Amino acid sequence: MKRAVVFDLDGTLSDSIVSIAYCANRALEAFGLQPFAVDRYRYFVGDGAAELIRRTLQAQERDRTDLYDSVKTEYDKLFAVDCMYQVKPYRGIPELLEELKKRRVRVTVLSNKPHPNTCKVIHDLFGDDIFDVVQGQTPEIEKKPSPDGVYLIAEKLDIPVSDMLYVGDTNTDMQTGKNAGAFTVGVLWGFRDRAELEENHADAIIAHPLELLDLL
């Protein structure tokens, strides 16, 4: 039986696409740039805020990455205030977490979202008593798909990576789990589709959170 689960946050635990689009679009509009429909953000996200903003600038009518520093600064300011705008857990996630705790499986989070924002989202959605480790992006840890965050979590739990499931919704997540040597589980309720998960060699793919229990 697996002893721990490492969850991605956005698109896996939290349905946060509206909040990301809300902040990014306002940052773009502050500089007279084109906003995007929420659905476009499913493919802008996944590799941290810096890459998110870079992708929105590259997707303008003409490339505006010359404005990267200004737009990123504005986005960070807005997101610090509104990172919880319309954010909610995906259906079935609270029940899954409750059952994992009953089974004494350690539950953790690894996100490319900045660490303070990651901690705020987890606190606001789930409280402080469920997750054993919450790790967001910091200057000291290379962002996903680097395995560094997984290794850090394994060290904190004193559990080998081979005893973990890595759960996420994007190519970056599958690559992260593979790079770390964990069993990777792709989820279909998040931002990307089955084809992307299969192309990135997910060991298993699930359509509902409680299906994860069959993989322990």
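**Inside the core**

Modeller: Start with F7, which touches T12, L13, L96, L97, L100, V107, T108, V109, L110, F131, V167 and L212, leaving out residues up to four places away in sequence. Contact here means heavy atoms within 4.5 Å. This is a predicted model: local features need pLDDT of at least 70, side-chain atom pairs count only at pLDDT 80 or more, and totals for chains, interfaces and linings use all residues. Residues are numbered from 1 along each chain as its sequence is written, and side-chain values use heavy atoms, with hydrogens and water left out.

F7 belongs to the largest nonpolar core, which has 50 residues. Such a core is a set of buried Ala, Val, Leu, Ile, Met, Phe, Trp, Tyr and Cys residues joined through side-chain atoms within 4.5 Å. Buried means under 20% relative accessible area, with a 1.4 Å probe and protein chains only. F7, L13, Y41, Y75, F131 and L212 have the most contacts inside this core. Helix α1 (residues 17-29) gives the most to it, with seven residues. Helices are DSSP runs of H or I, at least four residues long, numbered from the N terminus. Apart from this core lies another, of 14 residues, including L110, I153, A154 and M164.

Now turn to helix α4. L78 sits in this helix. L78 is buried, at 13% relative accessible area. Beyond its neighbours within four places in sequence, L78 contacts C23, R26 and A27. The C-alpha atoms of L78 and A24 are 8.2 Å apart, though 54 residues separate them along the chain.

Helix α4 (residues 68-82) also meets helix α3 (residues 49-58): their axes come within 10 Å and cross at roughly 125°. That makes α3 oblique to α4, because angles under 35 degrees count as roughly parallel, over 145 as roughly antiparallel, 65 to 115 as roughly perpendicular and the rest as oblique. Axes are lines fitted to C-alpha atoms, for helices over the stretch in contact, and angles run from 0 to 180 degrees between N-to-C directions. On the α3 side, A49, A50, L52, I53, R54 and L57 take part; on the α4 side, Y68, V71, K72 and Y75 do. By class, this contact has eight nonpolar, no polar and two charged residues.

Last, N117 lies in helix α6 (residues 115-126). N117 is buried, with a relative accessible area of 13%. Neighbours within four places aside, N117 contacts F79, A80 and C83.

Key. Helix = DSSP H or I, 4+ residues; strand = E, 2+ residues; numbered from the N terminus. Nonpolar A, V, L, I, M, F, W, Y, C, P; charged D, E, K, R; others polar.
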